[in-house]
Amino acid sequence: MAEEVKKNEIKRIDFSKLKPEELPSKVISVHFETGDQELTIHPLNGRGRIAWIGNPKHTQDHVVFEERAVMLALLYGCDMTEEEADLLMTADYKAARFIGNQVWIYTNEYDKSKKAEAEEAEKNSDTAETVTEN
């Protein structure tokens, strides 16, 4: 149960200790109607993941490629503005869909690698405890 706090003792978040996760990035080649270009993408950031959670078609292992999925990938996996993402989706939907797909694939790969790292760290921690106990 939450502890009652007096007015002059209100606790606040120490934002100086919070650091955004450093995400990897990669360059992909995208075919636009006007020619090929390279574009840097990264896995969805925390804000993008929060935006996606409310999608009723979302499951942890499946992304339905609807407008919202592509838009969120462009906004949070390519750092486009809403205006840029909207223009791209209107002017060259194939490129927008391709980029969105690449962001979702990269996000899934990143999540799997983070999970594997955590499992390995836990396994190593368990091994270290066993060795220490002996």
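Here is a walk through some side-chain pairings and surface features of this structure, which is a predicted model.

Let's start with the aromatic rings. Searching the whole structure turns up one aromatic pair. The partners are Trp52 and Trp104, with ring centres 4.9 Å apart and planes at 55 degrees, a tilted arrangement. Trp52 and Trp104 are both buried.

Arg49 and Asp111 form a salt bridge with an N to O distance of 2.7 Å. Arg49 has a relative accessible area of 29%, so it counts as partly exposed. Asp111, at 33%, is partly exposed too.

How many salt bridges does the structure hold? There are four, and the Arg49–Asp111 bridge is one of them. Another sits within helix α4, where Glu120 and Lys123 are three residues apart, about one turn of the helix. Their side chains meet at 3.9 Å, N to O. Glu120 is partly exposed because its relative accessible area is 37%. Asp14 and Lys17 make a further bridge, and their closest N and O atoms are 3.8 Å apart. Is Lys17 buried or exposed? Its relative accessibility is 66%, so Lys17 counts as exposed, while Asp14 at 37% is partly exposed.

Stay with that stretch of sequence for a moment. Ile13, Phe15 and Leu18 make up a nonpolar patch on the surface, with about 360 Å² of accessible area together. Phe15 lies in the segment before β1 (26-32), and it counts as exposed because its relative accessibility is 58%.

A charge also meets a ring in this model: Lys26 lies over the face of Tyr106, 4.6 Å from the ring centre.

Last stop: Asp79, in the loop between α2 (67-77) and α3 (82-91). With 53% relative accessibility, Asp79 counts as exposed. What does Asp79 contact, leaving aside its neighbours within four places in sequence? The answer is His42 and Leu74. Thr40 sits 39 residues away from Asp79 along the chain, yet their C-alpha atoms are separated by 9.2 Å.

Note on methods:
Residues numbered from 1 in each chain as written. Predicted model: local features only at pLDDT ≥ 70, side-chain atom pairs only at ≥ 80, totals over all residues. Heavy atoms only, no water. Phe/Tyr/Trp six-rings, centres within 6.5 Å; stacked < 30°, edge-to-face > 60°. Buried < 20%, exposed > 50% of the residue type's maximum accessible area, 1.4 Å probe, protein only. Lys NZ or Arg CZ within 6 Å of the ring centre and 35° of its normal. Patch = residues over 30% accessible without salt bridge, like charges linked within 9 Å, V, L, I, M, F, W, Y side chains within 5 Å. Areas by Shrake-Rupley, 256 points an atom, 1.4 Å probe, with all protein chains shown as cover. Helix = DSSP H or I, 4+ residues; strand = E, 2+ residues; numbered from the N terminus. Contact = heavy atoms within 4.5 Å.
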